[in-house]
Amino acid sequence: MTLVANRITGSNDAVDLVITEAAAGRGVGQGSVDAIWLNGENFFTLKQQDLLLGSFAQAIPNAVNFEFDAADPRAALNLGDFGC
């Protein structure tokens, strides 16, 4: 797999592209945007339209170094953010 970073003028451009491609029927893995660093407003916009992939933290190789058990207080930062 190769990561190709494409610079954009603002994350709004990428969010608009995700919304447009979803409206055109493109699903996960079929659009031109793979990842976006989102602020609260753009996160909220995509969440309202059910266009966020969801949690992927446990799928990354270094996940073994983090706590994800909700019963463990150390997991609080790994299981949510300010918007969830």
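**Entry 1: terms first.** I call a residue buried when its relative accessible area is under 20%, exposed when it is over 50%, and partly exposed in between. I keep in mind that this is a predicted model.

**Entry 2: the overall picture.** I looked up the secondary structure and found three helices and zero strands. From the N terminus on, the elements run α-α-α.

Next I looked at size. The C-alpha atoms fill a box of roughly 40 × 30 × 25 Å along the principal axes. I then checked the radius of gyration, which is 15 Å. A compact globule of 84 residues would have a value near 12 Å.

**Entry 3: surface and contacts.** How much of the protein is buried? I noted that 13% of the 84 residues count as buried. The protein exposes about 7100 Å². Carbon and sulfur atoms supply 55% of that area.

I also looked up contacts between residues at least 6 apart in sequence. Of these, 39% join residues at least 24 apart.

**Entry 4: charges.** I found 4 positive and 10 negative side chains. The centres of the two sets lie 4 Å apart. Side chains of opposite charge can pair when their charged atoms come close. That sent me looking for pairs.

**Entry 5: salt bridges.** How many salt bridges does a search of the whole structure find? It finds three.

I took Arg-26 and Glu-21 to begin with. Their side chains meet in a salt bridge at 3.3 Å, N to O. Is Glu-21 buried or exposed? Glu-21 is buried, because its relative accessible area is 11% and the cut-off for buried is under 20%. Arg-26 has 42% relative accessibility, so Arg-26 counts as partly exposed.

**Entry 6: the pairs of Arg-74.** I moved on to Arg-74. The side chains of Asp-72 and Arg-74 meet in a salt bridge at 2.6 Å, N to O. The side chain of Arg-74 also meets that of Glu-67, at 3.3 Å, N to O. These salt bridges share partners and join Glu-67, Asp-72 and Arg-74 into one network.

I then looked up how accessible each member is. Arg-74 reaches 61% relative accessibility, so Arg-74 counts as exposed. Glu-67 has 24%, so Glu-67 counts as partly exposed. Asp-72 has 16%, so Asp-72 counts as buried.

**Entry 7: my summary.** In the Arg-26 and Glu-21 salt bridge, Glu-21 is buried and Arg-26 is partly exposed.

Conventions: Residues numbered from 1 in each chain as written. Predicted model: local features only at pLDDT ≥ 70, side-chain atom pairs only at ≥ 80, totals over all residues. Heavy atoms only, no water. Salt bridge = Lys/Arg side-chain N within 4 Å of Asp/Glu carboxyl O. Buried < 20%, exposed > 50% of the residue type's maximum accessible area, 1.4 Å probe, protein only. Helix = DSSP H or I, 4+ residues; strand = E, 2+ residues; numbered from the N terminus. Rg over C-alpha atoms; globule rule 2.2 N^0.38 Å. Contact = heavy atoms within 4.5 Å. Areas by Shrake-Rupley, 256 points an atom, 1.4 Å probe, with all protein chains shown as cover. Lys, Arg positive; Asp, Glu negative; His and termini not counted. Charge placed at Lys NZ, Arg CZ, Asp CG, Glu CD.
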